[in-house]
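Trainee: I am new to this structure and would like a close look at a single part of the picture, namely the contacts between charged side chains. Could you take me through them carefully, and then turn to the aromatic rings?

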Amino acid sequence: MPYATVQADSGLSKPVTILTLRKMKAEKVKFVSVALYDAPLAAMAQKCGVEVLLVGDSLGMTVLGYDSTIPVTMEQMIYHVEAVRRGNSKSLIMGDLPFMSYATTEQAMVNATRIMRAGAHMVKMEGGAWLADSVRMLSERGIPVCAHLGLTPQSVNKFGGFRVQGREAEQAEQILADAKILDQAGADLLVLECVPTELAERITAAVSMPTIGIGAGQGTDAQVLVINDILGLTEKPPKFSKNFLVEAGDIPGALHKYANDVKTGVFPGPEHTFG
């Protein structure tokens with residue numbers, strides 16, 4: 001069954017929850033996510049019908065001027081989660097756990113608690129099957145988790161750069177296996193970054209949790225882009241991004257066009273995906 005083609009709402013009528021997103025996956029209705037970092041843009045995204053806000057450690061590169069996400073601290077993440085929460089009352093807010101803040105289950109519990117107290121509704125962690133124990137523990141204790149597979153930026157030094165993941169058959173099967181394990185462990189969402197379209201479609205069909213793609217093609221349940229890319233603020237934008245400000249003319253228009261293009265299947269196009 002193909003995804004339903006709908007227009008983005010002019011605003012969210014009620015708070016978005018995990019149940020909202022699971023219902024949308026079941027009904028094949030796309031939802032929209034934006035990575036952003038402050039109160040004014042959070043308020044604007046809510047008015048444009050963006051269901052999920054990601055306060056990502058991408059802020060290290062988009063806001064703080066680092067060349068990767070590695071230097072980002074818990075204190076910086078908490079600061080920006082608090083800001084986004086003050087600007088938004090209806091979108092579901094995810095907060096990234098930064099590099100080496102969840103290397104053990106004990107660290108994961110302590111730092112996830114800090115992010116949730118700052119105003120997040122869910123935490124996001126990068127990694128495969130090794131995260132299953134932490135996902136299970138957090139889920140059992142009432143902390144929702146978004147997993148993140150494919151290109152995981154905190155592992156950029158291990159990957160040797162920002163490279164597409166899952167093009168080789170063995171690696172693709174490992175990513176699929178990891179997704180199933182994290183799903184069974186209780187993860188509530190899954191970000192798939194820079195993986196081939198076919199692999200993203202296989203994973204989306206194989207797991208019960210909704211999937212959010214970025215450079216992963218049309219077959220995921222949702223799409224996410226960084227606000228800097230949506231507004232054309234990135235000096236060398238990645239292939240999977242698009243400057244929506246050029247066509248829309250202003251920031252609210254760019255956010256609304258992005259949301260509409262995701263929900264109607266216009267974005268991402270073939271030029272934004274990997275084979």
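Mentor: A salt bridge here is a side-chain nitrogen of Lys or Arg within 4 Å of a carboxyl oxygen of Asp or Glu. With that in mind, and remembering that this is a predicted model, a search of the whole structure finds 11 salt bridges.

One of them joins Arg114 to Glu75, with 3.2 Å between the closest N and O atoms. Since Glu75 belongs to helix 4 (residues 74-87) and Arg114 to helix 5 (residues 105-118), the pair ties together parts that are 39 residues apart in sequence. Arg114 has a relative accessibility of 33%, and so counts as partly exposed.

Another salt bridge is formed by Lys124 and Asp96, whose closest N and O atoms are 2.8 Å apart. This pair also links distant parts of the chain, with Lys124 in strand 4 (residues 122-126) and Asp96 in strand 3 (residues 92-96), 28 residues apart. Both partners, Lys124 and Asp96, are buried.

Arg141 and Glu140 give a further example, their side chains meeting in a salt bridge at 3.5 Å, N to O. Arg141 has a relative accessible area of 52% and is exposed, while Glu140, at 59% relative accessibility, counts as exposed too. Elsewhere, salt bridges that share partners join Lys242, Glu247, Lys257 and Asp261 into one network.

Turning now to the rings, a search of the whole structure finds four aromatic pairs. Among them is the pair of Phe244 and Phe267, which is edge-to-face, with 5.4 Å from centre to centre and 75° between the planes. The two residues come from distant parts of the chain, 23 residues apart: Phe244 sits in the loop between helix 10 (227-230) and helix 11 (245-248), whereas Phe267 sits in the segment after helix 12 (251-263). Both Phe244 and Phe267 are buried.

Phe267 also pairs with Tyr258: their ring centres are 6.2 Å apart and their planes stand at 70°, so this pair is edge-to-face as well. Tyr258 is buried, as is Phe267. Taken together, ring pairs link Phe244, Tyr258 and Phe267 into a cluster.

Technical notes: Residues are numbered from 1 along each chain as its sequence is written. This is a predicted model: local features need pLDDT of at least 70, side-chain atom pairs count only at pLDDT 80 or more; totals for chains, interfaces and linings use all residues. Side-chain values use heavy atoms; hydrogens and water are left out. Rings of Phe, Tyr and Trp (its six-membered ring) pair if their centres lie within 6.5 Å; planes under 30 degrees apart count as stacked, over 60 as edge-to-face and the rest as tilted. Helices (H or I, at least four residues) and strands (E, at least two) are DSSP runs, numbered from the N terminus. Buried means under 20% relative accessible area, exposed over 50%, partly exposed in between (1.4 Å probe, protein chains only).
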